[in-house]
Amino acid sequence: MASRSEYTNTLAEVNPNAIPDGWGQWQWPGGTPDVLLGTVNYRNEKTNCSFPMRKELVELTGLCLQIAADVYDYQVWGSPNPGYEPTWGPWGYENRPISGTQRASNHSKGRAMDWNAPQNSYTDWTECEIPPGLVAVMQDLGWYWGGFYGDRMHFEYVGSLDSVPAAVTRARAILNPPAPPTPTPVPDDLIEEIEAMTDDERKAFVDEIATAAAAKVWATVTPRHSAWKNNEQYAAAGRTALDTIAGAENNTAQLRAGN
Ligand SMILES: [Zn+2]
């Protein structure tokens, strides 16, 4: 739990109820047309979140849920959840006014979501379970946090429509997913060679790759071994083995991919 003083409103100059550039005037009571809505689907080993948002925010919203769980260890619960299911949300698009008013809620514009309602009820709060660092990141990604006016469960996107792609890029950078490997293409003549192999020859080929893999382990260990690391003969052999396995790994990756 963090106390109120640990949260800084970096978007205090923004009016969260203004409609930012590019989104259009869709809101309660008419609501947002179905064609402009999409479904956020975020699933991990603990829960499954599925809720509607403006379709342009679907990807960013999913990344935010992943950042919460993976980077800040803050689980946004869907189903299942720790309590009575319907009260947890998350809630996104809903065609309704701000509670107790006749003004359109950002939920009716498809740019607002609520996280973990039972833990973050609308109140004059002093403590909150949503980590301050996560709130700071959400703000950097364009979300105004309702906690600054009492609604701790609530985030609303206050950036322009044009700002979303850059926010997605920043969110991806925060998660830092490993870049997919770009295998070296298998030369055509090697593919032909493999296709022409008998079963026994293919088996030998695989054994060769396995041997190279073992060589890689050896080559990795050798330079780090205090007694061996200054032995140029071992080091040269290790470098050769690493080159061999790099080529073999690229080739096997290509073969497994069906290329
Ligand atoms: Zn809300």
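Of the 259 residues of the protein chain, 27% count as buried; a residue is buried if 20 or more other C-beta atoms lie within 10 Å of its own, exposed if 12 or fewer, and partly exposed in between, with C-beta atoms placed from the backbone. The model is a predicted one, in which local features need pLDDT of at least 70 and side-chain atom pairs count only at pLDDT 80 or more, while totals for chains, interfaces and linings use all residues. Residues are numbered from 1 along each chain as its sequence is written.

The protein chain has six helices and seven strands. Helices (H or I, at least four residues) and strands (E, at least two) are DSSP runs, numbered from the N terminus. Along the sequence they follow the pattern β-β-β-α-β-β-α-β-β-α-α-α-α. Two residues are in contact if their C-beta atoms, placed from the backbone, lie within 7 Å. Among contacts in the protein chain with a separation of 6 or more, 65% come from residues 24 or more positions apart.

Next come two helices. Two packed helices are described by the angle between their axes and the distance between the axes. Here axes are lines fitted to C-alpha atoms, for helices over the stretch in contact, and angles run from 0 to 180 degrees between N-to-C directions. Helix α1 (residues 58–70) packs with helix α3 (residues 164–175) at an angle of about 25°, and their axes are 10 Å apart. α1 and α3 are therefore roughly parallel to each other; angles under 35 degrees count as roughly parallel, over 145 as roughly antiparallel, 65 to 115 as roughly perpendicular and the rest as oblique. On the α1 side, the residues that meet α3 include Leu60, Leu63 and Ile67. On the α3 side, the residues that meet α1 include Val164, Val168 and Leu175. By class, the contact of α1 with α3 has ten nonpolar, one polar and three charged residues. Ala, Val, Leu, Ile, Met, Phe, Trp, Tyr, Cys and Pro count as nonpolar, Asp, Glu, Lys and Arg as charged, and the others, Gly among them, as polar.

The next topic is a sheet. Strands of a sheet pair through backbone hydrogen bonds, either parallel or antiparallel. In this model three strands form an open sheet in the order β4-β7-β6, with antiparallel pairing; two strands pair if DSSP finds at least two bridges between them. The edges are β4 (112–114) and β6 (143–145), each with a single partner strand, so one side of each is left without a neighbour in the sheet. From one strand to the next, the twist averages 25°. Three bridges join β6 to the antiparallel strand β7 (residues 154–157), and Trp143 stands opposite Tyr157 in β7. Helix α2 (residues 132–140) packs on the sheet, where it touches β6 and β7, and its direction makes about 140° with that of β6.

Some backbone details are found in the loops. A cis peptide bond joins Trp28 and Pro29, with omega about 10°, and Pro29 is in the loop between β1 (2–3) and β2 (37–43). Another cis peptide bond joins Gly89 and Pro90, with omega about -5°. Pro90 is in the loop between α1 and β4. Asp73 also lies in the loop between α1 and β4, and has a positive phi of about 55° although it is not a glycine. Asp73 counts as exposed, because it has 9 C-beta neighbours inside 10 Å. Asn116, in the loop between β4 and β5 (127–128), likewise has a positive phi, near 45°, in a residue other than glycine. With 24 C-beta neighbours inside 10 Å, Asn116 counts as buried.
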